[in-house]
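Morning, everyone. I have one model to walk through today. Let me put it on the screen.

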Amino acid sequence: MNSVEPISDFFAELNTFVGDRPEQLLQYLYRIQYRYSFIPPQAVQLLAARLGLPASAIHGVIEFYSFLHDTARGDFDILFSDSITDHMLGSRTLAHRLCERLGVRFGEPRGDGRVSVDLTSCTGMCDQGPAMLVNGWTVTRLDEARIEEIARLIETTTPTDEWPAEFFAVEDNIRRRDLLLTSATSIGSALQALLNKGGQGILDELDRSGLRGRGGAGYKTANKWRFCREAEAQQRYVVCNADEGEPGTFKDRVLLNSYADDVFEGMTLCAGVIGASQGYLYLRGEYRYLLDPLQTALERRRQAGLLGHNILGMDGFDFDIDIHMGAGAYICGEESSLIESLEGKRGIPRKRPPFPVTSGFRLQPTVVNNVETFLAATEIAVHGADWFTAVGSGQSTGSKLLSISGDCARPGMYEYPFGVSIRQILQDCGGEDAQAVQVAGAAGSTVPQRDFDRSIAFEDIATGGSFIVFNQARELLDMVQNFARFFAHESCGFCTPCRVGGTLLKDLVDKVHSGHGTEYDLQQMREIGALMRDTSHCGLGTTAPNPVLDTLDKFPAIYQSRLCDSGYEPAFDLDAALQEAKQMRGQDQDTTHFETEP
Amino acid sequence: MSENKAFTLDTRVIEFQDGDTIMDAALRAGAYIPHLCHNPEFEPHGSCRVCVVGVNGRRISACTQPATEGLEVDNSSEAINKERRALLQMLFVEGNHVCPGCEKSGACQLQAVAYYTGMLDPHFTHFFPKRSVDASHAETAIDFNRCILCELCVRASRDVDRKNVFSISGRGINSHLVINSPSGKLGDSDFSATDKAAQVCPVGAILHKHTGYDRPIGERLYDRQPISVVGDVAEHEGKDHG
């Protein structure tokens, strides 16, 4: 893998299929990163000239996305998924074992440039972790034997395409099918329905179905499509949000693996309804292994006349779909950040209003929907609103796909009618020993045992699909710490409360976790959390303090049991702070250390 | 068509025109809403959040929120003031803002807004980031220790000077201002001291060289009257209030 061509040759090759619009910047960078293990300075110059962008802005994009680097990573660049579910499966021990075996330190490439090992946010393999990425490719079900073998493969410079195929196997693990996953829908039948009923007919059906966005926010899909359809515009766009970054969520991964046609059909249906000719699937970088199969699926649809010109013979119905890769940024799951990222920029959430339905991609009306939402739209177009509303509860019609992981016997994807109780789910997945369930991911809520009879629904416990089980033996503060670190890492840095508050909050959780916290610190956490919730610019910032605020209310004991006895404890360790000076003076003896209060 | 539209800011009635934000209308009426990243010459940004106001129990940033008829805007309750103070304290601990040793002291908008909100200490744990000073340009120095990421210089250089000298790099707490030049130094860029970008910094991050301390303490911009009366630093740029 050292024998790569000069950057100018690769660049010329890339240029033929990526194009030269500035909005392609991220797509260039993503490909260059995986070819060269970093973005060489020469590539930045070439891109600046080709795309007409300032070099500093290109660096700004490189430094924004976790998977892009301006200094070389190892030839084998390994990133351990750092989700709480990976932790629970022993990822940290395995990561340290691999570092030991390879003689490499976290975050620093080895001296010979062979390998680097680091951590990354949840890679969406919670049902088959611990997981890692090696040069962007997903490796699942890590254990000691696999770590030993991986160390050997690296030391023998075996290219990843010669590694055992089972290392890269990703199972669907579909454990329960309901409305959507049992319906037999043949390819093209939703577009046939569009042909029969017309755009307005489909919109009416969607409206009656009550379908709400499946990403978590729950905005009514028919309204989104209608606003976009009615907006004055030169162009309209359809975007599928497959930046499935919420820790503990992996259902979109399954849908894109086994139901890609239904998702693409939903996007095409939407295009027909709103009048769009171009769509994008924004695929998170962690799902690189899905890229080629998805491209193949798109090509198959083009061949079948389901994408391209005059789709299904409908005159003027032109639509195609491109896949854009993300590069390691949770914030890009927020729809306006996603659009910025699609435009090749740093994923900073836009101001609202205007909303994407009137001013989205290229400032044109844009529908951004979740993978599952498009799938549901396809099925509703085929089977009708009544079929859909026959299932569900109250304001929450239809079914919901849940990604279930953590302490349960049968992790995987489950489809349930809305209204199902937490208790029922725990019974089905073998998680009866739960002390709590984290629903809706890091930004969601921690559901204690006393609330297990509550249900999954927009009007009760809303979720984008993440469902992590914690058994009686778990320390819930480990989860809080993992989430607090996650949010500090994933804050885009645009607004003060999230940028600064997120890190202050993380530091306070660390302080309490390490046994140095006091009541005063808990009060600080509440105040900082409330400020972030109330004043942040976007949904990430407003929900980032949730795991702290929620557990402070519901599980005060996990904090109280770790508090030290004093009313005030400094944020730093005086002894450690003076260590360097003492060493320099040759005074590092026991007598010069401060007594630590018991 | 829009002559009689109005909302209330605390007890005051503020008239507005179509397209106004709450901040636009308040500024025109001479009503003060504390702010740092906003400058009426540029597109609203909404990043510092200091202009947070209360509307129907929710918090919104006045600089980005369109004004609407009949809104009742809370701009001065103790709850709002406390939140603004906490946001300012966060900005203080994030960078290295050593007012006694800063030549901008007394004419700094961050300091002046902090006084206005009654901030008495930085409260939170200091980050003490390691940041540099760039003195490579003949007429202008940049002290990154004091940058609050308002992006006014970014916007001015991009939208007015058409030079794109500044941009933001990094993510989260590692976000930082960078300069578009081969060496990353200001002296190596197209920047000129007469650029708009040189006249908009609300703090002591972008400094005119050779003029520091020209104006003695006691006679500086905010030494005698609060920012609610004096207005923004940028309004006084070039008028020798340093």
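Ground rules first. This is a predicted model, so local features need pLDDT of at least 70 and side-chain atom pairs count only at pLDDT 80 or more, while totals for chains, interfaces and linings use all residues. Residues are numbered from 1 along each chain as its sequence is written, and chains are lettered from A and ligands numbered from 1 in the order in which they are written.

Domains. The bounds come from an automatic or database domain assignment. Chain A is divided into domain 1 (7–64), domain 2 (76–171), domain 3 (175–390), domain 4 (396–474), domain 5 (477–560) and domain 6 (573–598). Take domains 5 and 6 of chain A: their centres, over C-alpha atoms, are 31 Å apart.

Chain B has domain 1 (6–76) and domain 2 (104–236). Their C-alpha centres are separated by 24 Å. In chain B, 11 residues of domain 1 are in contact with 18 residues of domain 2. Contact here means C-beta atoms, placed from the backbone, within 7 Å. The domain 1 side has seven nonpolar, three polar and one charged residues. For those classes, Ala, Val, Leu, Ile, Met, Phe, Trp, Tyr, Cys and Pro count as nonpolar, Asp, Glu, Lys and Arg as charged, and the others, Gly among them, as polar.

Now chain against chain. On chain A, 30 residues are in contact with 29 residues of chain B. Which elements of chain A give two or more residues to that side? They are α4 (55–64), α18 (476–490), α19 (496–513) and α20 (519–535). Helices (H or I, at least four residues) and strands (E, at least two) are DSSP runs, numbered from the N terminus. The largest share, eight residues, comes from α19(A). By class, this side of chain A has 14 nonpolar, 11 polar and five charged residues.

Next, the core. A nonpolar core is a set of buried Ala, Val, Leu, Ile, Met, Phe, Trp, Tyr and Cys residues joined through C-beta atoms within 7 Å. Buried means 20 or more other C-beta atoms within 10 Å of a residue's own, exposed means 12 or fewer, and partly exposed is in between, with C-beta atoms placed from the backbone. The largest core holds 246 residues, and Leu29(A), Val239(A), Val263(A) and Cys270(A) touch the most other members. Helix α12 (residues 260–274) of chain A gives the largest share, nine residues. Beyond four places in sequence, the contacts of Val239(A) include Gly279(A), Leu338(A), Phe361(A) and Val368(A).

One helix: α15 (residues 371–383) of chain A. Of its 13 residues, 13 are buried. Gly384(A) follows α15(A), with a positive phi near 90°.

One loop residue. Arg410(A) sits between β12 (399–406) and β13 (412–417) of chain A. Is Arg410(A) buried or partly exposed? Partly exposed, because 14 other C-beta atoms lie within 10 Å. Past four places in sequence, Arg410(A) touches Arg175(A), Cys429(A) and Gly430(A).

Last, a sheet in chain B. Three strands form an open, antiparallel sheet in the order β6-β7-β10. Strands pair if DSSP finds at least two bridges between them. β6 (133–134) and β10 (206–208) of chain B each have a single partner strand, so one side of each has no neighbour in the sheet. Two bridges join β6(B) to β7 (residues 140–143) of chain B. In one of the pairs, Asp134(B) has Ile142(B) in β7(B) as its bridge partner.

Terms used:
Two residues are in contact if their C-beta atoms, placed from the backbone, lie within 7 Å.
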